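Subject: Structure handover

Hello,

Here is the structure I promised to pass on. Please open it first, then read the notes below.

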Amino acid sequence: MTELRTLKVALLGCGNVGAQVARILLDDADMLASRAGARLELVGIAVRNLDAPREVELPHALFTTDAETLVKDADLVIELMGGIEPARTLILTAMRNGACVVTGNKALVAKDGPTLHEEADKAGVQLSYEAAVAGAIPILRPIRDSLSGDRITRVLGIVNGTTNFILDQMDSTGAQFADALAEAQRLGYAEADPTADVEGYDAASKAAILASLSFHTRFSLDDVYCEGISSVTAADIAAAKDAGFVIKLLAIAEKLPAAGRETGTETDAGTGVSVRVHPTLLPREHPLAAVRGAFNAVFIEAENAGELMFYGQGAGGKPTASAVMGDLISAARSIVLGGPGRAETTTGQVSALPITAAVTSYYIGLDVADQPGVLAKIARLFAEHGVSIEIMRQTIHRDADSTIESAELRIVTHRASEAALAATVEAVKSLDVINSVTSVLRVEGV
Ligand code: NAP
């Protein structure tokens, strides 16, 4: 095997996300090298306080307070400090020195994206910020690359986990905003000062970034209309619910009807894009209505692709670090290959598993005799096979004289192996209280 070259990586910030990025760089060095086509050597971590406790144990010698010197001698710079300055100056310096930059700084990208991109173009380096929108969810690269041959018409995003948690809490418990916010703070989903989240500013930064990529136009924070959720009441939520809706804080970017659009032109003359953040009613059957708790999701409508949805964890050290690492590998490949990175690698070398090794949840429908002790018999049999029951529901069907015609049992299991489930079903069939097994289906996402 040919010797891989080494690329120097400078990390700015070692907080929630930075510490996880450092851990991955050190622990998964071989895997990263095989995926990037170069060894990624962490040469330093810039912080404010050298003695602050860190989430993960890292060599003390890597730490420095001299971020400026650190970025001048790196091939790749990861900015995870947050805030506008000194992050902005450090990123510009790094790019002027020929380094590719990866950042999660939505506030900076939304505020001053044009300057950053201009400098990246001038220096011929890659600037990427997948982590800036919706944490772990790969959304910017799909918009920028995968959908580059299509026309996006609308983007709807739940891009702030704090507000989604609060609204979900209000919807499911009937709580007022203040109580739901207090619960979010207690559980660590909301900061002590929740303004940036609840007033929609964080979502607005993300809306500007999503709109810029979706519509091939640079939008800044100033272009985004922003209304938060602090005035949403329990009565609003209840009324929406009664009418079959759920309230979500959405970041929306949509192309408004074209006046004289010329199909095929890049500019789509005459069209406009509305970029906004506000509480929004969604039909309860809309895919975004099912996004619960602090999760994020982005729903895209495109002329040819139709409807697409991207869902996952929108924040947190490890999930966000995953997005940062994807950008880092792409940037490293661009350096190694002297152009855009390879689309895929075949270095995993894993083999395909048979279906019997699959692990999932199951739905099982049973036609059973209505006798005392039936449920206990069935539950015992599942337990004996190591298949744990999550839900067991019995429905009795009666005829016109109220005589019991049949009893139906619906079971949803916890995750179990296909082999264990098959053995359980075979055993259940042989029970004298079972008339028939009416269905066995796999369930995902429970
Ligand atoms: P954080 O926990 O507050 O960590 C910030 C780090 O930057 C700390 O290590 C801090 O040093 C260092 N730092 C701050 N100012 C500095 C300065 N002037 N000079 C040197 N070091 C400085 O932040 P985070 O949650 O990891 O977020 C980092 C970035 O990722 C932000 O832009 C954020 O918006 C973005 N992001 C975060 C998440 C998330 O879930 N947390 C999700 C998506 C995007 P000390 O430790 O010495 O104080």
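This is a predicted model: local features need pLDDT of at least 70, side-chain atom pairs count only at pLDDT 80 or more, and totals for chains, interfaces and linings use all residues. Residues are numbered from 1 along each chain as its sequence is written, and side-chain values use heavy atoms, with hydrogens and water left out.

**Overall layout**

The protein chain has 446 residues, and 47% of them are buried. Buried means under 20% relative accessible area, exposed means over 50%, and partly exposed lies in between (1.4 Å probe, protein chains only). The chain holds 14 helices and 17 strands. These are DSSP runs, numbered from the N terminus: helices are H or I with at least four residues, strands are E with at least two. Along the principal axes, the C-alpha atoms fill a box of roughly 85 × 60 × 50 Å.

**The ligand**

There are 21 residues around the ligand. Cys-14, Val-17, Asn-49, Arg-54 and Gly-316 come nearest. A residue counts as near if one of its heavy atoms lies within 4 Å of the molecule or strand in question. The shell divides into nine nonpolar, nine polar and three charged residues.

A polar backbone atom of Gly-316 is 2.7 Å from an oxygen atom of the ligand. For Asn-16, a backbone N or O atom lies 3.0 Å from a ligand oxygen. Arg-48 likewise has a backbone N or O atom 3.0 Å from an oxygen atom of the ligand. On its own, the ligand has 900 Å² of accessible area, and the protein covers 77% of that. Accessible areas come from the Shrake-Rupley method with a 1.4 Å probe; for residues, only the protein chains shown count as cover.

**Salt bridges**

How many salt bridges does a search of the whole structure find? The search finds 21. A salt bridge is a side-chain nitrogen of Lys or Arg within 4 Å of a carboxyl oxygen of Asp or Glu. Side chains of opposite charge can pair when their charged atoms come close.

Start with Asp-73 and Lys-8. Their closest N and O atoms are 3.3 Å apart. This pair links distant parts of the chain, 65 residues apart. Asp-73 is in the loop between helix 3 (67-72) and strand 4 (76-79), and Lys-8 is in strand 1 (residues 6-12). Lys-8 is partly exposed, at 31% relative accessible area.

Next, Lys-377 bridges to Asp-432, with the closest N and O atoms 3.5 Å apart. Lys-377 lies in helix 13 (residues 374-384) and Asp-432 in the loop between helix 14 (418-429) and strand 17 (434-443), so the pair ties together parts that are 55 residues apart in sequence. Lys-377 is partly exposed at 33%, while Asp-432 counts as exposed at 63%.

Lys-122 is exposed, with a relative accessible area of 63%. Glu-119 counts as buried at 10%.

There is also a network of salt bridges, linking Arg-154, Glu-254, Arg-276 and Glu-301. Arg-276 is in strand 10 (residues 272-283). The side chain of Arg-276 makes a polar contact of 2.9 Å with that of Glu-254. Another, of 3.0 Å, joins Arg-276 to the side chain of His-278. A polar contact is a pair of N or O atoms within 3.5 Å; within protein, one must be able to donate a hydrogen and the other to accept it, and residues adjacent in sequence count only if both atoms are side-chain atoms.

**Two more positions**

Val-359 is found in strand 13 (residues 359-368). Val-359 is partly exposed, at 40%. Val-359 and Val-374 are 15 residues apart in sequence and 27 Å apart in space, C-alpha to C-alpha.

Ala-99 is in the loop between helix 4 (87-96) and strand 5 (100-103). Ala-99 is buried, with a relative accessible area of 0%.

Best wishes

How values were computed:
Nonpolar A, V, L, I, M, F, W, Y, C, P; charged D, E, K, R; others polar.
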